[in-house]
Amino acid sequence: MNKENKMSTRLPGFLALPALILIFAAVPASAQAPAAERAIDRPSVFLDAPDCDAAVLRADVGFVDWLDAAGGEHVLVVIRQQIRESGETEHTLTFEGRREFDGDRQMFSVLTPAGASAEETRQALARGLKQGLLRYAGKTGVADRLSVALLDKVKPTAVEDKWNFWVFSVNANGFLSGEQSYKTSTLNGNAAASRVTPDWKLHFRLSGYLSRSAFLYDGGEIVNTSNSRSFSALAVKSLSDHFSVGAFLETYASTYSNIGLNLSPAPAVEVNLFPYSQCTRRQLRLLYRMNFRSVRYLEETIYDKLRENLWNQSLSVTLELKEKWGTISTALEGSHYLHDFSKNRLEFTGEVVIRLIKGLNVNLSGGGSRIRDQLSLAKGGATLEEILLRLRQLETSYSYYFSVGLSYTFGSTRSRVVNPRFGAGPQRISISM
Amino acid sequence: MRYRKRICAVLALLCLAWAIPASAQVEDIDIEALKKTAPKVFIDCQNCDIEFIKTEVTFVNYVRDRKEADVHVLITTQRTASQGQEHTLTFLGQNGFQGVDDVQKYVSGKSDTDDEIRRGLVRAIKIGLMSYVARTPIARRVEVDYKPEARAAAAVDRWNSWVFNLAAEGYFNGEQSYRSRYMEFTASANRVTSDLKIQLGLSTGIDFNAYEYEGYKYENRQNEYSFSGLAVKSLGPHWSAGLYFDADSSDYGNLRWSLSAAPAVEYNIFPYAQSTRRQLRLLYKAGPARARYHDATIYGKTSETLWRESLTVALELREKWGLVSTSLSGSHYFHDFGKNRLNLFAMVSLNLLKGLSLVAVGSGARIRDQLSLPGRAPTLEEILLQSRELETPYSFFFSFGLNFTFGSIYSNVVNPRFGAISSGGMRVSID
């Protein structure tokens with residue numbers, strides 16, 4: 001009874017909040033014009049170019065407001081000419097920011113060859129003028145109607161590189177956490193070498209992983225460790241905008257999977273139904289692999305094996321789309337052993353993020369496996385810790401995960417205001433190794 | 001025969017002439033030679049689609065280390081009032097471009113797709129890079145286009161700056177011996193102007209895990225509910241005052257429910273206007289909390305009302321050489337000053353030497369205020385799965401990654417064949 005009384009005396013405090021909000025909100029609502037738009041729609045510019053046909057130049061640059069007289073401009077542009085000894089004309093363009101752009105000044109020159117026609121000079125100057133005005137226009141409302149492009153196609157490898165595109169890296173990573181009754185630690189190290197050009201992709205990587213966890217229970221300590229090591233290599237040759245051939249080599253050892261040593265070379269081919277050059281927008285890749293596996297187990301398996309040599313083939317289909325309406329990324333992979341076709345596996349993963357209507361976003365992600373090829377399962381039973389902490393692979397004919405998220409936003413959705421006071425709220429930190 | 005050849009040659013020439021853009025350069029354009037002299041750019045961004053940037057912005061060269069760059073593009077983000085993102089692109093000139101700096105901004109909406117966001121960022125990157133490109137020979141092959149568009153007049157904001165969001169999330173996974181299910185529902189209403197910030201949020205998390213193996217069976221259900229409210233009034237470029245209001249319920253923390261309210265003040269040593277690059281904030285709050293427990297606590301309580309105060313110092317820096325984010329907070333109860341807690345969080349990401357980078361994240365707490373601990377002893381499963389709060393005078397985590405890269409400095413190439421490759425290493429992302 002007494003507690004309920006206390007509860008009801010707390011209620012006015014609860015009600016006080018909306019009241020306070022109303023008081024705050026009532027303050028200067030009118031002064032708060034929603035900052036949905038940028039303050040300036042486009043910069044006003046005055047051009048001081050006595051040696052040029054200013055009217056023609058001005059007509060070429062449509063994304064600023066040209067002023068007929070100096071005064072009140074956001075940017076003052078001055079163009080001056082000088083003839084070099086080589087006969088080229090050097091046009092110096094000076095951009096002087098005023099008002100909101102006060103102090104924002106830049107200068108560069110445009111060269112025109114000796115004997116350039118008036119038309120050529122006009123084009124060169126107009127280009128320089130547009131390029132120089134871009135940094136001011138970028139800060140105004142006109143920015144989203146501008147586009148910038150290189151007129152030519154150029155190879156990404158057109159650089160001088162004394163390392164011939166080889167990149168090497170070494171890294172060491174660790175994670176430790178704990179409190180009085182438990183402690184965990186994970187260490188991981190990698191060394192990698194790679195050379196990626198449009199023609200060839202070469203990648204080599206050596207990795208090691210070590211993990212330990214300890215729990216205090218019933219006066220004793222429960223300690224579990226697991227580790228893995230691996231070496232992987234990949235070489236891919238580009239054959240056309242749709243075909244590639246290559247080979248994988250994988251070597252690893254893992255206590256989770258009961259594997260003392262696994263060695264598997266695998267030649268592979270890939271077809272992309274879309275041209276590879278569109279890869280950031282869409283890909284539909286089919287990858288076929290023929291794997292040879294030579295395995296040595298840590299403990300005798302449920303099939304009474306300590307080692308075996310096996311052939312396995314796999315086919316995967318990967319679809320990736322990133323378009324205006326959203327992103328789709330899915331993969332389906334099937335594989336089976338050649339000595340026994342019933343030892344097989346089918347895996348699917350997918351992620352879809354789509355905006356259905358304005359403000360409503362849906363994301364779905366999931367994966368499922370039908371598993372009939374757990375050849376490495378150890379005979380002995382698992383301990384309670386191994387089950388709860390998922391320290392070793394357990395027998396299963398399937399696994400799945402699925403997540404769905406729906407988010408609907410409405411109201412004043414075009415505000416540009418940033419208010420950092422009292423921090424950004426709880427942040428999620430994710431660490432991946 | 002010869003005649004036909006000549007026709008072919010003329011046709012080929014015509015095709016060529018047509019292929020060359022209207023600006024019809026008489027001189028030969030050796031684009032490869034021009035590309036070699038283009039600025040070297042380092043894109044310093046946590047969550048950008050770097051491959052897309054490289055395929056869209058081809059008039060510069062990309063390098064993998066900031067020390068090699070002519071232009072360092074530092075991209076930071078901050079939440080906008082509409083729950084979107086303000087991307088601040090800071091262009092810092094180096095080498096021959098020392099002193100040529102610029103800041104461009106791009107704002108994306110909460111429901112913008114990844115493709116829209118990467119296109120907006122690419123536009124801002126191109127605009128910002130032009131100040132450097134204009135000074136190099138490749139500039140004469142870069143064209144700026146303008147598409148005049150009739151734009152709708154700025155709409156009147158009939159929502160008076162309020163933004164609402166409803167979200168539901170479900171996560172399910174399992175195999176023969178294990179299954180888990182997690183569902184989360186959230187609703188929020190925010191009104192953020194530069195003068196006043198109001199944030200109201202409701203959330204529910206429902207968690208279920210089951211383990212089954214050779215006759216052993218264990219199930220665990222845990223729910224969390226919370227309401228949080230915050231109102232902050234701006235008092236000049238350095239000061240703010242506000243009020244927190246929270247209501248929580250947590251199986252993990254043995255809380256049937258708790259209600260707390262706390263007025264607070266904050267002082268930022270840097271002006272708030274610089275917050276995307278630097279903040280050093282001191283936040284003080286004090287107020288009462290009323291709690292009711294599921295199980296009687298180790299102190300024999302089933303409910304209590306307690307007053308508490310806390311002080312937090314938070315430093316956030318985002319500079320050329322890296323990132324520092326750290327906070328230290330201390331709190332104590334008024335009925336017993338010995339019931340207190342000290343929390344330290346720190347994250348640094350540094351790139352001080354060519355090729356060498358270091359990331360370290362850690363947090364530690366000295367805990368002397370576990371007032372809600374239930375009296376009964378935890379089971380083995382509760383310990384292993386960490387499904388309830390356990391008595392501890394401290395907790396910590398620490399993670400580090402050290403990476404050294406050498407070799408080719410250029411990273412212009414995008415090669416998607418056989419899928420993505422990774423050279424390992426640690427990645428830390430904050431959102």
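1. Helix α3 of chain A is mostly covered, with 14 of its 20 residues buried. Buried here means that 20 or more other C-beta atoms lie within 10 Å of the residue's own; 12 or fewer is exposed, in between is partly exposed, and C-beta atoms are placed from the backbone. The helix covers residues 118–137, and its end C-alpha atoms are 27 Å apart. That agrees with the 28 Å its 20 residues should span at 1.5 Å a residue, because the expected span is 1.5 Å times one less than the number of residues. Helices (H or I, at least four residues) and strands (E, at least two) are DSSP runs, numbered from the N terminus.

2. On the model itself: it is predicted, so local features need pLDDT of at least 70 and side-chain atom pairs count only at pLDDT 80 or more, while totals for chains, interfaces and linings use all residues. Residues are numbered from 1 along each chain as its sequence is written, and chains are lettered from A and ligands numbered from 1 in the order in which they are written.

3. The chains meet through 144 residues of chain A and 147 of chain B that are in contact (C-beta atoms, placed from the backbone, within 7 Å). The side of chain A that touches chain B has 65 nonpolar, 50 polar and 29 charged residues. Ala, Val, Leu, Ile, Met, Phe, Trp, Tyr, Cys and Pro count as nonpolar, Asp, Glu, Lys and Arg as charged, and the others, Gly among them, as polar.

4. Strands also join the two chains. Strand β18 of chain A (398–411) runs antiparallel to strand β7 of chain B (162–175), with 13 bridges between them. A:F402 has B:F172 as its bridge partner. Strands pair if DSSP finds at least two bridges between them.

5. The largest nonpolar core has 63 residues. Such a core is a set of buried Ala, Val, Leu, Ile, Met, Phe, Trp, Tyr and Cys residues joined through C-beta atoms within 7 Å. Among the residues with the most contacts inside it are A:L133, A:A137, B:V41 and B:L129. Helix α4 of chain B (114–133) gives the largest share, 9 residues. A second, separate core of 10 residues includes A:F422 and B:F245.

6. What does B:V41 touch, leaving aside neighbours within four places in sequence? Its contacts include B:V60, B:Y62, B:V73 and B:L129.

7. Chain A has an open sheet of 5 strands in the order β2-β1-β3-β4-β5, with mixed pairing. Its edge strands are β2 (65–66) and β5 (105–112). β1 (44–48) and β3 (75–83) pair in the parallel sense over 4 bridges. In that pairing, A:V45 stands opposite A:V75.

8. Two backbone angles deserve a look. A:R99, not a glycine, has a positive phi of about 50°. A:R99 sits in the loop between β4 (89–97) and β5 of chain A and counts as exposed, with 12 C-beta neighbours inside 10 Å. A:F165 also has a positive phi, near 70°. A:F165 lies in the loop between β6 (146–150) and β7 (166–179) of chain A and is partly exposed, with 19 other C-beta atoms within 10 Å.

9. Domain bounds come from an automatic or database domain assignment. Chain A has domain 1 (44–143) and domain 2 (166–342), with C-alpha centres 55 Å apart. Chain B has domain 1 (35–141) and domain 2 (167–404), with centres 34 Å apart. In chain B, 11 residues of domain 1 are in contact with 11 of domain 2. β3 of chain B gives the most to the domain 1 side, with 4 residues.

Terms used
Two residues are in contact if their C-beta atoms, placed from the backbone, lie within 7 Å.
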